[in-house]
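Here are some notes for a colleague who is opening this structure for the first time. Please read them with the sequence and the coordinates at hand.

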Amino acid sequence: MSDEELAKDLGLLSAMTIGIGTMIGAGIFVLPGVAAQEAGPVVVASFVVGGVVAMINAFSVSELGTAMPKAGGGYYYINRSLGPLFGSIAGMGDWMGLAFASAFYCIGFGQYLTTLAPIPGLLFLSDIQVGALIAGIVFVGVNYAGAKETGGVQSVIVLVLLGILSIFAVFGWLSFDYATLTGSGGLTPMGYGAILPGTAVVFVSFLGYAKIATVAEELKNPGRNLPIAVIGSVAIVTVIYGILVTIMLGVVPWNDLSPNAPVAQVTEIAFPGGLTGLAVTIVTLAALLATASSANASILASARINFAMGRDGIVTDWLNDIHPSFATPYRSILVTGGVIIVFIAALGRDLEVLAKAASVLHLIVYALINVGLIVFREADVEEYDPDFTVPLYPVTPILGAVASLALVTFMDTIEIALSLAFVVTAVAWYLVYARRHTVYEGELGKFVTERSDEMPDIAVSAAETVAPDGGDYRVMVPLANPEHEEDLITLASAMAKANDGTLVATHIVTVPDQTSLSSARERADDIDTTSERLLERARENAETFGVPVETHTILSHRGFEQIFDAARTHDADQVVMGWGPDSHGSPGRAESAIDEMTGDLPCDFLVLRDRGLDTERILVPTAGGPDSDLSAEIATILRREFGSKVTLLYVADEGESAEGADFLAGWAGDHDLGDADLRVETGDVETAIESAADDATLVVIGASEQGLLQRLVRGSVVMDVVDDVDCSVILAQKRTERSLVERLFG
Amino acid sequence: MSDLLDRVVLPVAHDDDATATARALDGHEFGSALAVHVVEKAGGAPDKASVEQREEAAEEAFSVLRAYFDDEVDLETRILYGTDVADAIFEAADDYGASSIVITPRGGSRWIQLLTGDVALSLVTETDRPVVVLPDVEEETGGSDGE
């Protein structure tokens, strides 16, 4: 067998038993009593409605799962489609949803455990909570040490459970009495309006099919087995729930059905005299096994989600370290375990809160999954090629999203508030932490920003606001004129190399206003050839520096302004652009708009007035300030890369040369330029710079705080220096630092 | 160079394990080496950790070895998958035509060995080729000197 086949060892039966094994514990053993109090006998319909909602979502999960059989499931699809902001929400939702579900399963385990052996309550904890805590600690411990679960065990457990439930069903059916079912107030004692609130309670018993998708990477032939297992397991458990709950309610009247251990109660009545004791014990053991396997699968799945999030930089990879001896993701399991324990202790008195909070979070994720599916389809993503496609697109995913959110409205305030708290936490986490660490933008963000001219401004700015910063240092070089690009690329590559970053070569094609962008795109073949040639040359140049290169072509009506947009879109940390008679369209158009933009630089700007790039002797005039910090940095980078000789120039007021020399020496030391030649002049600043520049091959000037770029763009001649010196000039301006609030609402 | 260390298979479980193995091997002359990391499969149940996660951990361990031995050693690396770690290593050793399997046991209490199935013991008892057990240098001498 190939390694590939060995790594993928879950067959259809295994996959199916993951789904069924996770779901069946809750629906049969834990919830019927609680849910029956909510709706009466018609709670059977609540289960069926839950099954239908789950089924619609199962189609979407299947399509996405076959397109991307990756660890992480729902989180992964949403991050790829809707981007890391929603990815963070989905990851947090899935993770905490699983923790709530695990706490719920543990409580279910505790309920049956207390019928088997008396457990004392402790402090503020009920006996059931204590049982649940013991269970929770054991399950976490088992996953921490990774006790080896071999092939058949999982399937055997589920098959044994199904066998026990079949016997239970047969004996139950023999004691089934329709009069018992309708005895207390008919089938709908609370009216039909109770069905959906009932579904809200029982939906937790359908959380399991999506776990198959979290281990999709381990499935054999996922294109076939994943949809069958996901859809099949939902179909099977829905049928089982429908039949068994009906039987249970025909044996014990709904208002007498135990909220703690309903199956044991029904067994006691249904089984004939001599067998009762044994049957109850077996059923109770089955309940323990079922809830344990649900909890176990959930803890396992949450570690997968943590891993997928860590890989994308949404959470720290510290969480996903593998244990040296156990080969388990032990930190992730411990953290999840801690959360489960807290949930059991704090909320475990009310089973319904745990169940519904788990459902709300999962439903939010399902809604996002459906939206993500639509984005993948509509954005026409090339790599998106699912083996299974949902029937009746776009009806199914739209229905899935709507039904999921609609079901949330039947939950109580406390569960919704708890869930929203986690959503808000996820958003805050994204903005504070993940945005700086993740690099993947998501198809939605790309779709919007690539069509920034057609999209409403608010969508574009929203997409930019939440787009990831990435850990990577990105130097964007906008290329307009093929003739002068080489020097630009050289400079940009040096900057990228010094920062261990990536060079983003962007060809901005300015389309005349008269031509619409779409018709320009139709002529794209011409543009493509030019663009490709240009970008290919850029790539070759940059690769001589060993810098990774990314290339983009942008069609736009705007020349200069587009650079700012592109810098934001491509998360540039620095832009290296050319400036001269033949660069980037006509300045001076829409002056006020430019003013606004240049007053708000998205990243550091290096503007090269190119007269042949020669880095042998660099002159850096400085008066201190942040922009000269940048010019100092540029000088040190060029010195390191090209062995340049650096001269620093300070122009002092008349008679203050000594102070000037003092300042300059200190400044040079602070900026790692202590060995540079220091030159202090007095008199007119521009004249001094121009005469010093006679000896230099390159002048690097920090833009003044008043915004040198504005003046440059408007074509005014404030900076005569740029035009008057004979050598190349780099103008440097630092990005405008904006606070988080400004970035969000500014 | 002894024939025994002519073509060695180095099972590494983790980056710390790789460090210990590299350190232990450094004082000895050896020919070529195949470093392997076994991703233990459950064979029909979900694994303890994501396969990709294990593969990342394996690459980390391999990169420790690569960094340690530079280019002067003919070092291959391979990720193996199997339900039985020792069997997977034996199979790879066969494939490679290994002269021996080199392990550096790093202690661990009895119960950890019990829980992890004690791979080292299986390697020694079920083997069909020489298994060289090198002491973990740091733990033996407390120094960084590799001899």
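**Notes on a predicted model**

1. Ala15(A) has its place in helix 2 of chain A, which covers residues 12-39. Leaving aside neighbours within four places in sequence, Ala15(A) is in contact with Leu10(A), Ile212(A), Leu219(A), Asn225(A) and Ala229(A). Ser175(A), by contrast, is 160 residues apart from Ala15(A) along the chain, and the C-alpha atoms of the two are separated by 35 Å.

2. Turning to chain B, five strands form an open sheet with parallel pairing, in the order 3-2-1-4-5. Strand 3 and strand 5 (131-133) of chain B stand at the edges with a single partner strand each, so one side of each is left without a neighbour in the sheet. From one strand to the next, the twist averages 30°.

3. Within that sheet, strand 1 (residues 7-11) and strand 4 (residues 100-103) of chain B pair in the parallel sense over two bridges, and Val9(B) stands opposite Ile101(B) in strand 4 of chain B. Helix 3 (residues 85-96) of chain B lies across strand 1, strand 2, strand 3 and strand 4 of chain B, and runs at about 150° to strand 2 of chain B.

4. Where the chains meet, 29 residues of chain B are in contact with 35 residues of chain A. Helix 2 of chain B gives the most to the side of chain B that touches chain A, with five residues. By class, that side has eleven nonpolar, ten polar and eight charged residues.

How values were computed
Residues are numbered from 1 along each chain as its sequence is written. Chains are lettered from A and ligands numbered from 1 in the order in which they are written. This is a predicted model: local features need pLDDT of at least 70, side-chain atom pairs count only at pLDDT 80 or more; totals for chains, interfaces and linings use all residues. Two residues are in contact if their C-beta atoms, placed from the backbone, lie within 7 Å. Helices (H or I, at least four residues) and strands (E, at least two) are DSSP runs, numbered from the N terminus. Ala, Val, Leu, Ile, Met, Phe, Trp, Tyr, Cys and Pro count as nonpolar, Asp, Glu, Lys and Arg as charged, and the others, Gly among them, as polar. Two strands pair if DSSP finds at least two bridges between them. Axes are lines fitted to C-alpha atoms, for helices over the stretch in contact, and angles run from 0 to 180 degrees between N-to-C directions.
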